[in-house]
Amino acid sequence: MRIETYLIDDDSLSIYLTEQLLRAEGFSNLICTFVSATKALQQLVQNKEKTVPQVVFLDLNMPVMNGWQFLEALEPYTDELQGRCQIYILTSSLALSDMEKAKQYELVAGLIHKPIDSEEIKAIQARLQEQQG
């Protein structure tokens with residue numbers, strides 16, 4: 001599948017493992033990785049007129065700009081991105097408050113407990129194919 005994907009995580013090992021799994025599962029061969037949410041935000045906003053990632057995997061706990069701040073910064077662009085970009089939060093936390101907070105953002109399609117596995121990737125693929133249907 002040619003699903004343009006952003007992978008945003010400050011942990012380079014986590015990025016490597018997730019990227020390898022996404023490729024192995026045939027999820028995407030168009031993966032942009034970012035260790036900085038700020039840089040990912042700049043690129044996404046800069047390119048929003050032309051092309052945006054269909055899927056963003058976003059870590060919550062990062063320095064400088066965390067995942068929640070990234071989502072807040074995207075709020076003004078929600079209408080433009082709706083239906084074109086889905087965000088999946090990657091977290092090692094099982095806090096109920098995170099699940100509740102994630103529901104406040106229209107672009108968030110789900111919250112995934114790290115590390116992501118093959119079943120979750122296949123479920124996301126199926127959802128995307130259904131929407132493109």
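Why does Asp59 count as buried? Before I turn to that residue, a word on the model. What we have is a predicted model, in which local features need pLDDT of at least 70, side-chain atom pairs count only at pLDDT 80 or more, and totals for chains, interfaces and linings use all residues. Residues are numbered from 1 along each chain as its sequence is written, and side-chain values use heavy atoms, with hydrogens and water left out.

Asp59 counts as buried because its relative accessibility is 5%; buried means under 20% relative accessible area with a 1.4 Å probe, protein chains only. The residue lies in strand β3, a strand being a DSSP run of E with at least two residues, numbered from the N terminus. Apart from neighbours within four places in sequence, Asp59 contacts Ile8, Asp9, Asp10, Gly67, Leu90 and Lys114, where contact means heavy atoms within 4.5 Å. UniProt, in an unreviewed entry, lists Asp59 for "modified residue: 4-aspartylphosphate"; such annotations may be inferred rather than shown by experiment.

Five strands form an open, parallel sheet in the order β2-β1-β3-β4-β5; two strands pair if DSSP finds at least two bridges between them. At the edges, pairing on one side only, are β2 (30-34) and β5 (108-113).

Strand β3 (residues 55-59) pairs with β1 (residues 4-8) in the parallel sense over four bridges, and Thr5 stands opposite Val55.

Finally, helix α1 (residues 12-24) lies across β1, β2 and β3, at about 170° to β2. A helix here is a DSSP run of H or I with at least four residues; axes are lines fitted to C-alpha atoms, for helices over the stretch in contact, and angles run from 0 to 180 degrees between N-to-C directions.

Conventions
Buried < 20%, exposed > 50% of the residue type's maximum accessible area, 1.4 Å probe, protein only.
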